[in-house]
Amino acid sequence: MTDLAAGLAAYLGAQLGTDVRVTELRRLAGGASRETWLFTMTTPDGATERLVLRRDPPGHVIETSRRHEFLLLRAAAAAGVAVPRVRWCEEDPAVLGAPFFVMDYVEGETLARRLLRDAEYAPARAALPEQLATALARVHAIDLHGPELDFLTRPAGEAAAVELGRYESLFRALAPEPHPAFELALRWLAVRMPATSRRTLVHGDYRVGNVIFGPEGLRAVIDWEMVHVGDPLEDLGWLCVRAWRFGADANPVGGLCDRAAFVSMYERAAGVRVDPTAVRWWEVFGNLKWGIICIMQMQTFLAGVKSVELASLGRRTAETELELLDLTEGA
Amino acid sequence: MQDRPTARELLTAVREFLEADVVPALDGVTRFHARVAANVLAIVEREMASEEQSLLAEWERLAHLLRVDGEPPARLDSLRTAVRGLTESLVRRIREGETDREPFGRAVREHVRETVREKLRVTNPRYLGG
């Protein structure tokens with residue numbers, strides 16, 4: 001048994017007041033900034049449960065972000081969003097080398113290409129637009145005012161200006177070469193900033209690829225790492241970013257449906273009216289943000305992290321540039 | 001001067017080896033990364049074939065837009081530096097709001113679109129469709 005499995009078994013045993021065994025521990029792909037491990041827990045009565053461990057990579061500066069993710073998942077569950085049930089959270093890095101939490105394993109698929117291509121997922125393709133709209137409306141209804149979420153900073157000023165300023169600063173600090181297409185997009189965005197429609201919790205990375213689905217449809221919303229307080233329309237725009245369609249461009253919303261259909265479903269679920277012009281602004285911003293994230297990933301490679309995948313992302317920036325030109329031309 | 005195969009021919013040989021033999025023999029995340037690696041080599045092959053001609057065309061467009069006289073540099077590395085310098089001037093003019101006025105704005109957008117399409121012909125020709 002590995003050190004991690006032994007440490008985990010001791011911790012879980014102490015939480016449950018019994019001996020437990022931890023087996024089939026394996027690391028799941030994805031997530032460079034934190035680790036995700038799947039394992040099986042067996043109690044003395046022979047009962048087994050499949051669970052997931054999320055922890056910061058050991059050696060990271062001490063932070064409490066696992067506690068924040070734990071609290072967000074619990075708040076989302078209370079608001080009726082399908083999420084993995086969170087079980088235990090431990091901030092003491094002495095226990096497993098870094099802060100972590102444990103949640104239920106949700107069986108299913110996350111690969112967007114399989115969702116959009118495989119015959120098996122045809123029912124999921126039909127069900128997901130409504131399910132994604134309903135779940136997103138619930139995300140935006142999460143109560144921000146309780147003490148549990150008081151760690152979320154509340155930005156001063158208009159959400160559009162705050163987010164645009166944040167990513168423009170990152171772009172100026174990180175891009176090693178000039179990008180006229182981004183400069184044109186930044187000007188387009190700066191003179192058309194929408195007023196904040198509402199101030200809610202924003203998931204920040206809501207897209208196909210960050211949900212677990214089965215053949216029948218949505219099972220859980222995951223990856224709550226980019227949550228912030230802002231304009232909920234940011235999540236609608238991000239869902240329309242071209243990169244998340246994986247070539248299924250006839251259906252702008254994640255390769256699944258058109259914009260107007262999704263906006264109506266969201267309006268019905270949230271009980272609000274949505275300005276499509278403002279959603280379009282957030283979609284342009286989303287494509288720019290993804291282009292800047294590609295540059296950030298490439299810089300991680302230049303800084304010495306050996307990864308052909310990170311290296312190749314630098315050359316995907318041009319894809320977002322073309323999309324920005326197409327979206328802003330004559331608009 | 002080196003003997004055959006040329007650098008491009010060598011790259012092609014390695015990429016074809018990755019695609020035909022390595023990718024099918026792997027699975028999981030390593031298989032995915034081998035496919036990414038083959039794709040990266042394909043990018044380099046296309047870039048080596050077209051770089052000089054693309055840079056010359058880009059220099060001509062920028063010189064016309066920014067009213068720069070003279071001839072493009074003859075050496076490839078000087079040409080790269082010159083295109084970068086002109087693009088930095090262009091970026092300054094966009095930030096100062098000059099592209100808000102026509103017909104300069106339209107001319108700049110046309111140049112930027114052609115430059116982005118040229119990048120995509122190297123990095124991901126399928127993205128351009130058709």
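**Figure 1. A salt bridge between A:Arg54 and A:Glu225 in the predicted model.** The side chains of A:Arg54 and A:Glu225 meet with an N to O distance of 2.8 Å. Across the interface of domain 1 and domain 2 of chain A, 2 salt bridges are found. Between these two domains, 4 residue pairs are in polar contact. Helix α2 (residues 65–78) of chain A gives the most to the domain 1 side, with 8 residues. By class, that side has 10 nonpolar, 3 polar and 4 charged residues.

**Figure 2. The two domains of chain A.** Chain A is divided into domain 1 (3–104) and domain 2 (112–328). The C-alpha centres of the two domains lie 28 Å apart. Domain 1 puts 17 residues into the contact, and domain 2 puts in 16 residues. About 1400 Å² is buried between them, and carbon and sulfur atoms give 70% of this area. In domain 1, A:Leu72, A:Val81 and A:Ala82 lose the most area to domain 2, together 36% of what that side buries.

**Figure 3. The interface of chain A and chain B.** The contact takes 24 residues from chain A and 29 residues from chain B. The buried area is about 2500 Å², with 63% from carbon and sulfur atoms.

**Figure 4. A salt bridge between B:Arg113 and A:Asp326.** The two side chains meet at 2.9 Å, N to O. Across the interface of chain A and chain B there are 6 salt bridges, and 11 residue pairs are in polar contact. On the side of chain A that touches chain B, α6 (159–174), α7 (180–190), α11 (308–313) and α12 (317–328) each supply at least two residues. The largest share, 7 residues, comes from α12(A). The residues of this side divide into 9 nonpolar, 2 polar and 13 charged.

Note on methods. Residues numbered from 1 in each chain as written. Chains lettered and ligands numbered in written order. Predicted model: local features only at pLDDT ≥ 70, side-chain atom pairs only at ≥ 80, totals over all residues. Heavy atoms only, no water. Contact = heavy atoms within 4.5 Å. Buried area = accessible area lost by both parts, 1.4 Å probe. Salt bridge = Lys/Arg side-chain N within 4 Å of Asp/Glu carboxyl O. Polar contact = N/O pair within 3.5 Å; in protein donor to acceptor, adjacent residues only side chain to side chain. Helix = DSSP H or I, 4+ residues; strand = E, 2+ residues; numbered from the N terminus. Nonpolar A, V, L, I, M, F, W, Y, C, P; charged D, E, K, R; others polar. Domains from an automatic or database assignment.
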